[in-house]
Amino acid sequence: MTTLEHSIVMGGSMAGLLAAAALAPHSARVTIVDRDPLPVDGPDAFAPRRGVPQGGTVHRLLALGEARMEELLPGLREELLAAGAVPRAAREADTVLDEATPNEGAPAAADGPLGTGESAAAPGIDEPGTLWLTRPVLEGVVRRRVLALPGVEAVQGAVGGLLTSDDKRTVTGVQLRGGEVDELHGDLVVDAAGRSSRAATWVEGLGFERPRTLGTRVHVAYTSQRLRLREGAMLEGAESLGQPATGNNPFTIDLEPCGADEHILSIAGTARHQPPADLEGLLDMVALLPERETADALDSALEGAEPVGEPSVAKAAGAHRQLWEETNDGPAGLVHVGDSAAMFTPLYGQGMTMAAVGAVALRDTLTGDGADGLAARFPRLLGALLDRAWEITTSRDAQIPGAEMLVDGAVVEELPVPGSLVGAGQSTGETLR
């Protein structure tokens, strides 16, 4: 059911690609705008992109994310396997994912995927996925599938601002810099620009309310190195090896397959603890682990390993959420997805999964109610879906020594519950009935 003539997606990373897939059945045209080229063929199709500096670090796609992506792009899992992803032999709990930080008092996974009344048979929000894979492979396969959908195209350029109706009440397109065209006009703009999004500033400049922000600062730093292990290096029956952070050790260490008969060794530090940026330093850190059983297993697996490429280094301050659902007024024709709505601390693997959850919600909203009033309805629906994952992330972050909780950039003792400022008598739950 086509309800839109032209939809514009700001950002061509995972959230933007999945949003485009969600829009394709409902929009005659969908244009993805990104600073980077978005190749679908040749060696660059599966190469790390400049706009994804964390692309070389270890990535996990949770089971819920797999399920939602498969809904949007049927057959995706088989294409990922053909592109080099490795099937997991078991679906047991992921030691590093589930206990990457001391989490006493942190909420357990919900019965349903997001604690919103969905079927308990659906994957839980913390359930590991069925694949080992790299971010470039995942993004490359998704990009190829999305750009093959009827009416979907990509243009290169930087979004420099919003176009609006004369009364500034409706967003009608975007201004571009550095591309072949200066403007794109459409009837829906989706903000999937992530951490670089300037939408809050632009919306405020139009005279609308700027969303309240919540966040954490735990200062995660990653170093990851792809390796080719010697034959039989892993312990019999072990697919991966890992050591979560402990009270005495702020580093999470993980060795897992990533396809092409390669593994990724990844060490992540929190609270400004920076892992070494070279392979020798990473191996020295493994050797000095106080947990000798884990250290010996990792030492044995890494003996004689050959590096593939250079180490990949990335940092993240923590989690950040813009509470678009709490704003009482905003321009029509503009919605926010992925990291533009909520950016999760990468330790827990929730970012890509929640981008997929948001994309399916966007598709289903258009299917059920069409595009009229979407900018007012969708933020509250998405906010309710984000709440459970946000609670898990921030509760676990709070257990990290030196963690800071932020409201509108100012440090507070604890974070308020999202939705606490929604208009009197109108809770987020009530708006979903």
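Predicted model: local features only at pLDDT ≥ 70, side-chain atom pairs only at ≥ 80, totals over all residues.
**Packing of helix 9 and helix 10**

Two packed helices are described by the angle between their axes and the distance between the axes. Helix 9 spans residues 351–369 and helix 10 spans residues 374–397. Their axes lie 10 Å apart, at an angle of about 145 degrees, and the crossing of helix 9 and helix 10 is right-handed. On the side of helix 9, the contact is made by Met354, Val357, Gly358, Ala361, Leu362, Thr365, Leu366 and Asp369. Helix 10 contributes Leu374, Arg377, Phe378, Leu381, Leu382, Leu385, Leu386 and Ala389. By residue class, the contact of helix 9 with helix 10 divides into 12 nonpolar, two polar and two charged residues.

**The aromatic pair**

How many aromatic pairs does a search of the whole structure find? The search finds one. The pair is formed by phenylalanine 344 and tryptophan 390, with a distance of 6.2 Å centre to centre and 65 degrees between the planes. The geometry is edge-to-face. Phenylalanine 344 belongs to the loop between strand 19 (342–343) and helix 9, whereas tryptophan 390 belongs to helix 10, so the pair ties together parts that are 46 residues apart in sequence. Both phenylalanine 344 and tryptophan 390 are buried.

**Arginines over aromatic rings**

| Arginine | Ring | Distance from the ring centre |
|---|---|---|
| Arginine 88 | Tryptophan 132 | 4.1 Å |
| Arginine 396 | Tyrosine 348 | 5.7 Å |

Arginine 88 is placed over the face of tryptophan 132, and arginine 396 over the face of tyrosine 348.

Lysine 168 is not a glycine, yet its phi is positive, at about 65 degrees. Lysine 168 is located in the loop between strand 6 (158–164) and strand 7 (171–177). Is lysine 168 buried or partly exposed? With a relative accessible area of 43%, lysine 168 is partly exposed.

Alanine 271 likewise is not a glycine and has a positive phi, of about 55 degrees. The loop that holds alanine 271 runs between strand 14 (262–269) and helix 7 (279–287). The relative accessibility of alanine 271 is 27%, so alanine 271 counts as partly exposed.

Technical notes. Residues numbered from 1 in each chain as written. Heavy atoms only, no water. Axes fitted to C-alpha atoms, helices over the stretch in contact; angles between N-to-C directions. Helix = DSSP H or I, 4+ residues; strand = E, 2+ residues; numbered from the N terminus. Left-handed = near helix turned anticlockwise from the far one by under 90°. Contact = heavy atoms within 4.5 Å. Nonpolar A, V, L, I, M, F, W, Y, C, P; charged D, E, K, R; others polar. Buried < 20%, exposed > 50% of the residue type's maximum accessible area, 1.4 Å probe, protein only. Phe/Tyr/Trp six-rings, centres within 6.5 Å; stacked < 30°, edge-to-face > 60°. Lys NZ or Arg CZ within 6 Å of the ring centre and 35° of its normal.
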